[in-house]
Amino acid sequence: MNPNLGFVGWLRWFWRQLTSMRTALLLLLLLAIAAVPGSLVPQRSSDPNGVSQYFADHKDTAPILDSFQMFDVYSSAWFSAIYILLFISLIGCVLPRTKHHFDALKAQPPTTPANLRRLPAFAEFTVTGSTAEAVLEAGRSALKSERYRVARYDRGDTITVSAERGYMRETGNLVFHFALVGVLIAVGFGGGFGFAGQRAIYEGQAFTNSLIAFDSFNPGRFFDSSTLTPYSITLDKFTATYEEHNTNAIGQPTDYTAEVTTQIKGQEPQKNTIKVNEPLRIAGTDVYLLGNGYAPTVTIRDPEGNVIFTDSVEFLPQDKNLTSLGVIKLPDGLAEQLGLIGFFYPTVSSGHSGASFSMYPDLIDPQLAFDVYAGDLGLDDGVPRSVFALDTKGMTKLAGRNSDREAIELKPGESAELPNGLGTVTFDGVKRFVSLDIHRDPTQGWVLLFALSALAGLLISLFIPRRRMWVSVTENSVEMTPLSGVPSMPLKTRLNAP
Amino acid sequence: MTDALSQYSVLALYSAMALYAIAFVLFTLDLARGAGDEGAPVGEAKTVAIAQPKRKLARIALALTVLGWLLQLTATVMRGLAASRVPWANMYVFLLVNLKWDMKFLGSFVTGLVLLLLGLAATRYYVEIVPLPPALQSYWLVIHVFVATLATGFFALGFALSLMQLLQTRREASAAAGAKSKLAFLTRLPDAAQLENYAYRLIIIGFVLWTFTLIAGAIWAEKAWGRYWGWDTKEVWTFIIWTIYAGYIHARSTRGWRGTRSAWLAMVGFAAVMFNFTVVNIFFKGLHAYSGL
């Protein structure tokens, strides 16, 4: 009646339940079911814009779903609970099995059963012109040559050999399960020590690997920014190739190549290329080419002709023909604060409504159009503003649809007056820009290693059969049997031979 | 060149479908004939199913299936030549590469399934040949997709055998109770335990291939998208399928789950494969949406 004993007993009961095969099976199936909602509802990790859209479309249900962590299924408490329980169950099952297997590896094959006739596969025959001892020895060596582990057991006049093989099956099984634990641990830690950052650079622009140089940066929990190796990447040239002949796919991209110059601090610069399936590996980080677009070079002058802005501005692609949208903000230097919303068409065309669009993604007939807004850009009120968006609240539209003036339309090299004599805008030319993803995942290699070990373990555990064979010889006859499967034919022939 | 070849490809495909249709009818007739032999004891039925010279219909059907398969292969290869690339990039061709592992009693199922899929593929999912977008230009495309297709083939047969197993279990139960079963055509098939063994063997092969697909996919994803696993819709479903079949394998060694229950798991698993292959490709948004549908 000791309550402490009761508690331990209860724990033991709980542990036995948790590590039972049935619980493991139920947890596995539960995990499969729990993974489903993540494919039905957009996830913050893979589709953050989808989540915002979902919140906008389903004002009532989205917060309820969110309270169940439906937008972060794979890091949610309930999903984590299932897989953590599953892995505890797995470890609790595999550890005793490992000990048991080590014991089995050291042990002899089991004693020959008294009556081989009762076993499902069985053969009996007579050999003439040889002693029982010689026949058994032939059997023993035949089994040995088939890589069986053999042991001799005699019972009176009956001399027998017991043989077993396929120990690798259980080894593979254990390797598989331990490797899965390894994958889980490596994935868990890898996320913590690594980082992922994004940066867009246009042709001629350089990027240095330091925290402030990233457009966005997601460090892992244990990430230390002093571990960033200083290096620079300069985009020399970006080439996109589009399909020109296949009428079903005009304008579909067929190749993206970024030619870059990289330089690790204190070393010689190197020429490299980055392609979609060929990331650049540099100083422990991986650099991926994830996106590209156009960066028109624009110069803006005040009425006296002084340059107040000149830069290549990254425009975000809006469709597959790269109609692109960009924003230029001019807080200083002109009589008023100006905001320009630009539309760039690499190959301009206009529909019957008069609206322009791009009909081909490459630069055949590029055109840049600006809507001009004047007023407060909102840069001074301390609220962070996206460089890709212009908040037109509190601003007056000076040029563009539904205003006094048409939108400003420019071909490369052309200039135009800004409204109200504010100055001029020049479209100097177009550069390409690329958006690079820079990652470091120090345990990535470990994940791969464990995953491949799991695969190897799986192959071994599923396809190496475990077999027990017995050969039993008396002066009159030879009896032999495998425990399962087909009797080993070569063995019988060899036994018949002497 | 591209046009002519792709037209021949379509022609070959339709011819293959016609042959499959005939084979399907013959296999079914052959199965139906077996329905008359209800008197035959189960033990005998096993040998009957493996090789019996009288089963002319099944042999003709098998020959037609092989012929159909060759035509289908031709169609696939021609499509590949027309596009000058490996021809299983989207679902249209994806469906063509259906594995043949003939156990004659499965003929009806296999030809039926292939016919259905091809019919669906040719009418609903025909997509003009277009070049591959940069993200798909990798040898991993060949490895990843080929192995995934192969795994799907094994799972399909595992599904068929598990279905047969469930029906057979029902028939055996009613036969034991002395009742006359509507499932008499099953007398010519192996018994339920044997069917379960066949199913298990095919499914574990499928499972290993699926594991490989998952790993290969992760390696490729790391190269193309910058991360090896990101819970993209298709990745989620690949994971779900893997988990279900892992459950199936464990179920076989769990007391109370062997037999009927594990057969149901195998069928649920294949339903998930089909779901992943059709619904997820077409209706779900994700990085794997390449097919042009």
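Which residues does B:Thr213 touch, not counting residues up to four places away in sequence? Select B:Thr213 and look for B:His144, B:Val147, B:Ala148 and B:Ala151. Touching, or contact, means that the C-beta atoms of two residues, placed from the backbone, lie within 7 Å.

Some ground rules before moving on. This is a predicted model, in which local features need pLDDT of at least 70 and side-chain atom pairs count only at pLDDT 80 or more, while totals for chains, interfaces and linings use all residues. Residues are numbered from 1 along each chain as its sequence is written, and chains are lettered from A and ligands numbered from 1 in the order in which they are written.

**Stop 1: around B:Thr213**

B:Thr213 lies in helix α7 of chain B. Helices (H or I, at least four residues) and strands (E, at least two) are DSSP runs, numbered from the N terminus. B:Thr213 is buried, because 23 other C-beta atoms lie within 10 Å. The cut-offs: 20 or more other C-beta atoms within 10 Å is buried, 12 or fewer is exposed, and in between is partly exposed. Now pick B:Ala272, 59 residues apart from B:Thr213 along the chain. Their C-alpha atoms are separated by 16 Å.

**Stop 2: α7(B) against α8(B)**

The crossing is left-handed, a term used if the near helix is turned anticlockwise from the far one by less than a right angle.

Colour the contact residues next. On α7(B) they include B:Phe207, B:Trp210 and B:Leu214. On α8(B), look for B:Trp242, B:Tyr245 and B:Tyr248, among others. By class, this contact has ten nonpolar, three polar and no charged residues. Nonpolar covers Ala, Val, Leu, Ile, Met, Phe, Trp, Tyr, Cys and Pro; charged covers Asp, Glu, Lys and Arg; the others, Gly among them, are polar.

**Stop 3: across to chain A**

Zoom out to the whole chain contact. It takes 42 residues from chain A and 37 residues from chain B. The largest share of chain A's side, nine residues, comes from α2(A).

**Stop 4: a hairpin in chain A**

Select β2(A), residues 149-155, and β3(A), residues 158-165. Seven bridges join these antiparallel strands; pairing takes at least two DSSP bridges. A:Asp154 stands opposite A:Ile159. Two residues lie between the strands, and A:Gly156 in the turn has a positive phi of about 65°.

**Last stop: A:Val348**

A:Val348 lies in strand β16 of chain A. A:Val348 counts as buried, with 21 C-beta neighbours inside 10 Å. A:Val348 touches A:Ser356, A:Ser358, A:Asp365 and A:Gln367, leaving out residues up to four places away in sequence.
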